[in-house]
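Work through the exercises below with the sequence and the model at hand. Each task is followed by a worked solution.

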Amino acid sequence: MAPGMKSNLIQDEISENYKLNFFNFSEIDLSTLPVYDERYTSDISDIDISLKVQEYRYLLGKSDVINLSVTDNEEIQGDFVVDGQGEISLPYVGNLRIVDLTKLQAAELITQSLQEYYQDPEVIIDIIEFNSRYIYITGEVQKPQAVLLNDKELKLRDAILQSGYIKDQKTFDKKALLKRGENLYQIDLFALFNEIDNDLNIFLLEDDVVHIQKKFADKVFVFGEGTQGQYNLYDNVNLTTLLANAKINQQTAEA
């Protein structure tokens, strides 16, 4: 197909696998054209529902430092570093693997292990250094970075803003990609920041990569009895605003 071709010039064998719609612009019904809301509905559904309702919990990792204390027992207390095997070494008990556990789960595991040596031990754990869990922000931000996670939840909107994202009104079609494990999700940044869609503002988890895609401003083009050229498609621009910006010649234009 090439510019200027008419529908009767297209051979059947070329178009048999496609649904082609041809419009006469002098007769077109504007109500049949897709509207803005319809354009972006599919983007929001790209975020799986399981990502929206997750509960954030920090999991202990290698090189994290914890402070451990046992009530009424001074023998086992102090700071412990989770080693390269994901373990800490305790008196009497030996090595215990606590990597990928929450601090409450680790406290329960240590409590069970100490019951053989102490009567009714009560274990308290605090994480004093977070050194293991990162998420990554890349792409069109002022400060691409690796962000160290801690026991306070980090949400998508906060992480992007902390990296120097500039909310640009010149384009509706601004997207980010979230890579989580083997899955890739598309995020509508216009909905996230302008429409404040909290369903998209999910918790970020270890090794998530958020990539802000580069997108030039949406533009429309004006010809005829006005200031011809291209104009940025700002938020909520309608035809009347566009023609006013293009300084339509009211004396010579066919209104």
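**Exercise 1.** State which strands helix α4 lies across, and its angle to β5.

Solution. Helix α4 covers residues 103-114; helices (H or I, at least four residues) and strands (E, at least two) are DSSP runs, numbered from the N terminus. The helix lies across β1, β2 and β5, and runs at about 135 degrees to β5. Axes are lines fitted to C-alpha atoms, for helices over the stretch in contact (heavy atoms within 4.5 Å), and angles run from 0 to 180 degrees between N-to-C directions.

The model is predicted: local features need pLDDT of at least 70, side-chain atom pairs count only at pLDDT 80 or more, and totals for chains, interfaces and linings use all residues. Residues are numbered from 1 along each chain as its sequence is written, and side-chain values use heavy atoms, leaving out hydrogens and water.

**Exercise 2.** Give the strand order of the open sheet and name its edge strands.

Solution. Two strands pair if DSSP finds at least two bridges between them. The order is β2-β1-β5, with antiparallel pairing. The edges are β2 (73-81) and β5 (123-129), each pairing on one side only. Between β1 and β2 there are six bridges; Ser-69 has Gln-77 in β2 as its bridge partner.

**Exercise 3.** Classify the ring pair Tyr-165 and Phe-193, then decide whether each residue is buried or exposed.

Solution. Rings of Phe, Tyr and Trp (its six-membered ring) pair if their centres lie within 6.5 Å; planes under 30 degrees apart count as stacked, over 60 as edge-to-face and the rest as tilted. Here the centres are 4.9 Å apart and the planes at 25 degrees, a stacked pair. Buried means under 20% relative accessible area, exposed over 50%, partly exposed in between (1.4 Å probe, protein chains only). Tyr-165, at 9%, is therefore buried, and Phe-193, at 7%, is buried.
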